Amino acid sequence: MAEPRSDALTISVQPTPLEMRRCSLWLTEHCQNQAVPPEPTGKLDLCLNEVLANLIDHGGASDFSCPVDLTLELADCGDRGLATLTIVDAGPAFDPLSVDRGPLPRTLAEAEPGGLGLLLVRRFMDERAYERAGGRNVLKLGIYWPKGP
Amino acid sequence: MTQTASIRSDDVLEADGSIKLRKVVLAGRLDMLGMEDIALKLTSLTAIKPLPVILDVRDVSFLASIGIRSIISSARALDQKGGHLVILLGDNELVKATLESAGIDDVIPLFSDEEQAEQEALS
């Protein structure tokens, strides 16, 4: 993953559905201000939503005494731009990138409604990394976009 | 963020007054909060009667997995009752990419064109 610029933006939130809206607003406003195109912004917004939703549903988020910390960094990679979002939580150790949902359904009867959020994270994000550091889950998600002429 | 979700429906009737086609129009942000607002109504409109249904997501700005789950559940329940659900995307590229990445295009027909969506729903 490319080295990010030093002008990283951070926010701390509680993992709740209402706070997810605040996160989305924070992310999309800063991406817009930094001229990140709508497509990568929308995909990054969706993946942030899915990771936070997973924390709420499965991560024991209601027991958190610490907030979830988000950091957005932008990097210039020559003919491409890169937006990297780091999501840090103090929940039980869990690597969302290790979850394998299995093959996609071929019929409606086979379609399992669960597990789609992390599938979208894997499909939409160009860069994905997880580590357990200092007793916290650290998830980095990055997406590239081509820069204009 | 004040944007929320909405749902409305419009039935196309046969000459005898029976429902020929149901159009269910979703709009806004279909995340956890948005689905709290519309999930029950989506189920009641799409999964109760064996109808041809067009689910119009052209004005959906954000479709999270919780919304996809609700759509799958409705489409499956409708299918089991003998109905048929198709999705009308228009030029909504983000929602199209989301549905395709989740493999939904293999199990629920997706259309950009409204007329084609109607033909498929009624077929």
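Q: Two strands pair if DSSP finds at least two bridges between them. How many bridges join strand 2 of chain A to strand 3 of chain A?

A: The general idea is this: strands of a sheet pair through backbone hydrogen bonds, either parallel or antiparallel. Here, strand 2 and strand 3 (residues 80-89) of chain A run antiparallel and are joined by nine bridges. One bridge links A:D76 to its partner A:G81 in strand 3. In this hairpin, two residues lie between the strands, and A:G78 takes a positive phi near 75 degrees.

Q: What kind of model is this, and how are residues numbered?

A: It is a predicted model, in which local features need pLDDT of at least 70 and side-chain atom pairs count only at pLDDT 80 or more, while totals for chains, interfaces and linings use all residues. Residues are numbered from 1 along each chain as its sequence is written, and chains are lettered from A and ligands numbered from 1 in the order in which they are written.

Q: Which pattern does chain A follow along the sequence?

A: Elements come from DSSP: helices are H or I runs of at least four residues, strands are E runs of at least two, and both are numbered from the N terminus. Chain A has three helices and five strands. Their pattern is β-α-α-β-β-α-β-β.

Q: In what order do the strands of the chain A sheet stand?

A: The order is 1-2-3-5-4, in an open sheet of five strands with antiparallel pairing. Strand 1 and strand 4 (127-133) of chain A each have a single partner strand, so each edge strand has one side without a neighbour in the sheet. On average, neighbouring strands are turned by 15 degrees against each other, direction ignored. For such angles, axes are lines fitted to C-alpha atoms, for helices over the stretch in contact, and values run from 0 to 180 degrees between N-to-C directions.

Q: How many bridges join strand 1 of chain A to strand 2 of chain A?

A: Five bridges join strand 1 (residues 9-13) to strand 2 (residues 68-77), and the two run antiparallel. A:I11 has A:L70 as its bridge partner. A:L9 has A:L72.

Q: Which strands does helix 1 of chain A lie across?

A: Contact comes first: two residues are in contact if their C-beta atoms, placed from the backbone, lie within 7 Å. Helix 1 of chain A lies across strand 1, strand 2 and strand 3 of that chain, at about 175 degrees to strand 1.

Q: Which residues touch the most other members of the largest nonpolar core?

A: In soluble globular proteins, nonpolar side chains tend to be buried together. A nonpolar core is a set of buried Ala, Val, Leu, Ile, Met, Phe, Trp, Tyr and Cys residues joined through C-beta atoms within 7 Å. The largest core has 68 residues, and A:C47, B:L55 and B:V57 touch the most other members. Helix 2 of chain A gives the most to this core, with eight residues. Beyond its neighbours within four places in sequence, B:V57 has contacts including B:L26, B:L63 and B:I87.

Q: How many residues of chain A are in contact with chain B?

A: There are 26 residues of chain A in contact with 23 residues of chain B. Helix 1 (17-33), helix 2 (38-58) and helix 3 (116-124) of chain A each give two or more residues to that side.

Q: In what order do the strands of the chain B sheet stand?

A: The order is 1-2-3-4-5, in an open sheet of five strands with mixed pairing. Strand 2 (residues 19-30) and strand 3 of chain B run parallel, joined by eight bridges. Strand 3 (residues 52-63) also pairs with strand 4 in the parallel sense, over five bridges. Four of the five residues of strand 4 (residues 84-88) of chain B are buried, so this strand is largely enclosed by the rest of the structure.

Notes: Buried ≥ 20, exposed ≤ 12 C-beta atoms within 10 Å, placed from the backbone.
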